[in-house]
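Please walk through the structure below, with attention to its aromatic contacts, one surface patch and backbone angles.

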Amino acid sequence: MSQLVEDVFTCSLCLEKVREPRTLPCLHTFCRYCLSAYVRQKVKDWVFPCPLCGQDTRPNTKGLSVDQWLDTFPASNFLTQLMRVLEARQAEHACDICRQEQVLVEAIVWCRTCMEALCSDCQRVHKRSRASRDHELFSMDSLVHDPLEKLVGSGAREGAARCLEHQGKTATLVCVACKKLVCETCISLTHAACRRIEQAEKAIPCFRKDVAGAMQHLMTHVQATHNEVKWVEDQLDKLTHSREFVMTAVEDLKRRLLEAVENRSSKLLAELETVYRKQRQDFVARGEKSRELGRILGKTVNFLEHLLAYGTECDMLNNFDNVIQQTRLVDTQVVKNSGRSPKEQPKEENTKKASRGDKSERAAAIVATARFSPRKLSSLQGSSPRTSFSTTPRTKLVATFSGRTNTDTMRTDLRGIVSLRSGDIIVMDLHFRNKRLKKFSPRGKLISVVDTGECPYGMALIPDMDLVVTHPRSREFVFVAAGGTLQVSGRIKTHKSYYSLASSAASGLLAAVAASPPEPTSIDMISFEGEVLKTISLDRVRFPLQPKDIFLPPSGDVLLLFGAKEALVCLTEDGSVRYSTQQHDMKRPVSLVGDLSGNAYVADTEASKIHAITADGKYRGELLSRKDGVREPLALGVNDQGQILVTQTNGDVKVYNL
């Protein structure tokens, strides 16, 4: 038990701690809710593959519903008990009964049956109650220091177990055929046809011995795989030595050949160096000029996109002459700089332009550069006016509405929210029956809904495509035009499964959390065209869990949100840790967002709070709480009006002034 690792308690489907665990025949355990959704999606001819190993699972009895089928899988309750014991060890030693009454009283004992810590008063009530007088109590010191085998498992059971079917009866027998602990009443009523009924004290050790034997047998296979890995490493070493030997022989041959033509090669290399330096200077100068021109043109294209999308007829006519005049000037500059007209550009550039959606095509049709200075696009995720923390006055609620639609199920799971420059709000619903993006007006009126093809995971705003979401299962980025009605405008296949996503207008980059086992979790810096520019691998020992969210502050660092002891970790461009922030009173942080000053805000679902952290990693306390109407927040966003957007588990969307 001392060698338990976090993977034992983590569901591979939701990447959270397992709840109501169900174990498949391949001995892999998942949440019952996650497994139910997975089976309904993947089952075919009453067969579905294990999400982890791919082994096919079939029902033992035909004609069952999905829920009845799931109930046939063993419930690994010992995992739940283990997690509760470990959580009790790490939690504050306060009485759980008094905590329910909003009173903190120091606990002195812990009940193994109820899995609750008790103060002296609650202990006396516990002992007097007929239902709990026989429960075994441990001191808080024993809870922390005693081995887990004494608190959970076979070491925690004394005497015969109680029958689950008949209250007050003890299960002293085992039905060998059904593999169940039963009482005498069970044998008379439900197990009368079973032939092998044995005493529990005799049968259980036999079953335990068989399981231990199976584990030892599997350990031999594990050892065999280790030996195979060692053999492969030895072969790689031999291959490396052979390569070095051949390379040495080739280098020796090269040296002898070079000596034969040394005079001639020296002359050619000198001529080559002269030509290279001259050409390189020309290309560098030309590249710098093109880069600067491209930056200016990009700002002008953004201005024309907003003019076409939101400008009136008067705005269009007032700017038309300048647009035409500047277009001709830019055509002349482009030809002068590149030596060819825009019609002669490579086909690859035309293909990229054609994939940017209807709005970008209309802007490209004007071929744009006006001399006007467009306002800086600040509707990217993580951008807002520079914000400083203040204790008074408290943040004010300015708007609230429901994120549900008439076509939604009874539940929603709003795990993403962004605000457009127009003030419209887009939320991402991850509930397995919804799986869509929804666009609302600032007052909460539904504008548009789009289904991206499968359940999205991360969402961020970018200048050209407006919106990009990740599909980790199919390994792709999906681009959505968000100016009017939500429409899928393009898809890009990726080599990895990307989850959480953030964007930066200043650097023009996307940052995505990549998790593709057996490769370690990494942070990829990606261009808006989908090209991976840089990868930061995370140390598996320092960061055993996958980050829950990501944010790109203006400093160029990467801010990661974890659910472990280190809630926030700031990484530099080379992957080193700049600072980390402890959890403080964070209970279950799930979402992260920030502003242009680098301040970060963390949504805490269990505590119903929004925590604030400064740009240098200092914890400043709560920004929002239940006093402000926050109830179990899920996702956060900020806009350029200095407001913070919050989604909740009940499906509500709330907007507060910072």
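**Surface, backbone and aromatic rings**

Leu236 has a relative accessible area of 46% and is therefore partly exposed, a class between buried (under 20% relative accessible area) and exposed (over 50%), with a 1.4 Å probe and protein chains only. The model is predicted: local features need pLDDT of at least 70, side-chain atom pairs count only at pLDDT 80 or more, and totals for chains, interfaces and linings use all residues. Residues are numbered from 1 along each chain as its sequence is written, and side-chain values use heavy atoms, without hydrogens and water.

Leu236 is found in helix H9 (residues 200-260); helices (H or I, at least four residues) and strands (E, at least two) are DSSP runs numbered from the N terminus.

Most residues other than glycine have a negative phi. Leu15 is not a glycine, yet has a positive phi of about 60°; Leu15 sits in the segment before strand S1 (21-23). Glu632, also not a glycine, has a positive phi of about 50° and lies in the loop between strand S33 (619-624) and strand S34 (633-638).

The structure holds ten aromatic pairs, meaning rings of Phe, Tyr and Trp (its six-membered ring) with centres within 6.5 Å; planes under 30 degrees apart are stacked, over 60 edge-to-face and the rest tilted. Tyr38 and Phe48 have ring centres 6.3 Å apart and planes at 80°, so this pair is edge-to-face. Tyr38 lies in helix H1 (residues 32-42) and Phe48 in strand S3 (residues 48-49), so the pair ties together parts ten residues apart in sequence. Phe48 is buried, with a relative accessible area of 0%. Tyr38, Trp46, Phe48, Trp69 and Phe73 form one aromatic cluster.
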